[in-house]
Structures are given as structure tokens and as C-alpha cells.
Amino acid sequence: MINLELYKIFVVVAGELNITKASQKLNISQPAVTKHIKNLENILQVTLFKRNNKGLTLTEMRRKTI
């Protein structure tokens with residue numbers, strides 16, 4: 001089962017597209033935000049963000065076909 005807090009953190013990071021700004025909004029450390037996003041990515045088995053030198057961009061998620 002996924003902790004709903006992980007989704008809350010995802011929404012804030014997606015809105016900011018910046019881990020540091022998201023951590024400030026959430027009042028938790030930057031390493032904690034990064035860890036939570038990586039945990040969510042592992043649980044969902046997808047990459048949620050592309051990391052680059054200007055921050056983050058959301059990835060396009062595609063449903064797997066069977």
C-alpha cells in the first residue's frame with residue numbers, strides 16, 4: 001500500500017519542478033524529499049521526473065500494454 005504522503009510530496013514537487021523549493025514548502029529536508037520521490041518511483045516502477053541542470057521536468061507516463 002502506498003503512503004498518501006508520498007503523493008502529497010509528488011504534487012508539490014511537480015508544481016515547483018524543483019526539489020529545494022518543494023522541500024521548503026513542505027518543511028522537510030531536501031534529501032528527504034528526494035528519498036520520498038525515489039520511493040514512489042520504485043513503488044510505481046516508473047520514472048516521474050527527468051533531472052537536469054535547470055531543475056526537473058515531468059516525464060510522460062505510458063500505460064503498459066499486455
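Trainee: Why is F10 called partly exposed?
Mentor: The model is predicted, and in it F10 has a relative accessibility of 22%.

Trainee: What makes F49 buried?
Mentor: F49 has a relative accessibility of 1%. The cut-off for buried is under 20%, so F49 counts as buried.

Trainee: Why is the pair of F10 and F49 called tilted?
Mentor: The ring centres of F10 and F49 are 5.6 Å apart and their planes are at 45°. A search of the whole structure finds one aromatic pair. F10 belongs to helix α1 (residues 4–16) and F49 to strand β1 (residues 49–52), so the pair ties together parts 39 residues apart in sequence.

Trainee: How do you know that α2 is roughly perpendicular to α3?
Mentor: The axes of helix α2 (residues 19–26) and helix α3 (residues 30–44) cross at roughly 105° and come within 8 Å. Angles from 65 to 115 degrees count as roughly perpendicular, so α2 is roughly perpendicular to α3. In this contact, I19, T20, S23 and L26 of α2 meet Q30, V33 and T34 of α3. These residues divide into three nonpolar, four polar and no charged.

Trainee: Why is S23 called buried?
Mentor: S23 has a relative accessible area of 6%. Buried means under 20%, so S23 is buried. Leaving aside neighbours within four places in sequence, S23 is in contact with I28, S29, Q30 and V33.

Trainee: What makes K25 and E16 a salt bridge?
Mentor: Their side chains meet at 2.8 Å, N to O. The rule asks for a nitrogen within 4 Å of a carboxyl oxygen, so K25 and E16 form a salt bridge. K25, at 61% relative accessibility, counts as exposed, whereas E16 is partly exposed at 25%.

Trainee: How do you know that E41 and R51 form a salt bridge?
Mentor: The closest N and O atoms of E41 and R51 are 3.5 Å apart. The limit is 4 Å, so E41 and R51 form a salt bridge. The pair links distant parts of the chain, with E41 in helix α3 and R51 in strand β1, 10 residues apart. E41 is buried at 10%, while R51 is partly exposed at 44%.

How values were computed: Residues numbered from 1 in each chain as written. Predicted model: local features only at pLDDT ≥ 70, side-chain atom pairs only at ≥ 80, totals over all residues. Heavy atoms only, no water. Axes fitted to C-alpha atoms, helices over the stretch in contact; angles between N-to-C directions. Helix = DSSP H or I, 4+ residues; strand = E, 2+ residues; numbered from the N terminus. Parallel < 35°, antiparallel > 145°, perpendicular 65-115°, else oblique. Contact = heavy atoms within 4.5 Å. Nonpolar A, V, L, I, M, F, W, Y, C, P; charged D, E, K, R; others polar. Buried < 20%, exposed > 50% of the residue type's maximum accessible area, 1.4 Å probe, protein only. Phe/Tyr/Trp six-rings, centres within 6.5 Å; stacked < 30°, edge-to-face > 60°.
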